[in-house]
Amino acid sequence: MFEFSVISGSVVSDLLRDHEKEVVALVERAYLTHDSGASVNPDSYFLRFPEKPDSRIIALPAYLGGDVDLAGLKWIASFPGNVRSGRPRASAVLILNDYATGYPIALLEAAGISAARTAASAALAATALGGSAPRTVGVVGAGVIARTICAYLSGVGVPMTDVRCHDLDAASATALTGHLRERGAGEVRAVDLAGALECDLVVLATTAGTPYITEEHAFRPGQLVLNVSLRDLAPQLLLRANNVLDDVEHCMKANTSPHLAEQLTGNRDFVTGTLAGVLTGRDRLDPDLPTIFSPFGLGVLDLAVGHYVHQQAKAQGRVVEIPDFFGETARW
């Protein structure tokens, strides 16, 4: 009843490594549970800093029912300036709360969980929204998220035989290409932005705050764009594509590309549907258009992956129990 444990980042990494298909299945179930109404996923809350306009810490509270039946909170910091000193941009913790009592039961290092659920969402979209297998994969942004997405794409069977990487930081692009070669990808090379955007499957995983991919970079029918970083695309591009979101209300805020498209048109007619809608057959794609998947990132996905990690860590005896964590265990 009053147990509380901590799970370190190294344990999280060990438990997630080489389990991409399993994590994608967890994320798919979480999307479908959310779509059925058995979840609570309020707006994310952003802590911003006047002296650091590019930095933020975000709180993502959520409850996920079904076989997870947990509430919780992810508290994730994004400080792009860390990259200049060789540190990862993002750091995070995840608190899991027992739904019956509300008591917190575990604290998990969650940068890896956040990256895994993001990558699993992208990989699920690649399999659900793509037509034939892509011959080429273009990756824009060469950080931890891009690296993890590539691992998950490979894990679900997306061919990584011709991968083209672009990053404003040449060293990052070089690092990602080398990493992918080590992981068994075929031809991998660094390219300019246009070279990445012409690929059959395009992954956008940058820290861009405003659109830089304009109407000059029109996507062709059949292309699939995983708009993971959400703010790379000019809104006009969305008006000529199938637009699949993870959650419509969540995506229509914070000047994401879908939000900008809504502001531009004054409506949401450009939205095709949600990923869960496509998975259930409720929403259908126009094959004569490119498809853009824009996931805002839902806290219920963190709960799904965090629950899995917590259960595995307990079963393997890899949690650190904190005795007497709660000061009072009886009302009187």
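Q: What makes S12 and strand S15 (residues 291–294) count as paired?
A: In this predicted model, three bridges join S12 to strand S15, and the two run parallel.

Q: Which way do the residues of strand S12 (residues 224–227) point, and are they buried or exposed?
A: Leu224 and Leu226 point one way from the strand, whereas Val225 and Asn227 point the other way, and all are buried. The term buried here means a relative accessible area under 20%.

Q: Why is Asp269 called exposed?
A: The relative accessibility of Asp269 is 66%, and because exposed means over 50%, Asp269 counts as exposed. Asp269 is placed in the loop between helix H9 (257–265) and strand S14 (273–274). Its C-alpha lies 9.9 Å in space from that of Asn243, although Asp269 and Asn243 are 26 residues apart in sequence.

Q: Why is helix H11 described as largely enclosed by the rest of the structure?
A: Of the 17 residues of H11, 13 are buried, and therefore the helix is largely enclosed by the rest of the structure. Helix H11 (residues 299–315) reaches 24 Å from its first C-alpha to its last, close to the 24 Å expected at 1.5 Å a residue. Just after H11, Gly317 takes a positive phi of about 65 degrees.

Q: How do you know that the radius of gyration of the protein chain agrees with that of a compact globule?
A: A compact globule of 332 residues would have a radius of gyration near 20 Å, and the protein chain has 20 Å, so the two agree. Along the principal axes, the C-alpha atoms fill a box of roughly 70 × 45 × 45 Å, and 52% of the 332 residues count as buried.

Q: What makes up the lining of the second largest pocket, by class?
A: The lining has 13 nonpolar, nine polar and four charged residues. The space in this second largest pocket is about 450 Å³, and of the 26 residues that line it, the closest to its centre are Gly130, Gly131, Ser132, Gly222 and Leu224. Helix H3 (residues 111–129) gives the largest share of the lining, three residues.

Definitions and conventions:
Residues are numbered from 1 along each chain as its sequence is written. This is a predicted model: local features need pLDDT of at least 70, side-chain atom pairs count only at pLDDT 80 or more; totals for chains, interfaces and linings use all residues. Side-chain values use heavy atoms; hydrogens and water are left out. On a 1 Å grid over the protein atoms alone, a cavity is a set of points where a 1.4 Å probe fits but cannot get out, and a pocket is an open set with protein on both sides within 12 Å along at least five of seven lines; lining residues have an atom within 4 Å of a point. Grid points are joined across faces, edges and corners, and a volume is the space filled by probe spheres set on the points. Helices (H or I, at least four residues) and strands (E, at least two) are DSSP runs, numbered from the N terminus. Ala, Val, Leu, Ile, Met, Phe, Trp, Tyr, Cys and Pro count as nonpolar, Asp, Glu, Lys and Arg as charged, and the others, Gly among them, as polar. Buried means under 20% relative accessible area, exposed over 50%, partly exposed in between (1.4 Å probe, protein chains only). The expected span of a helix is 1.5 Å times one less than its number of residues. Two strands pair if DSSP finds at least two bridges between them. The radius of gyration is taken over C-alpha atoms; the globule rule is 2.2 Å times the number of residues to the power 0.38.
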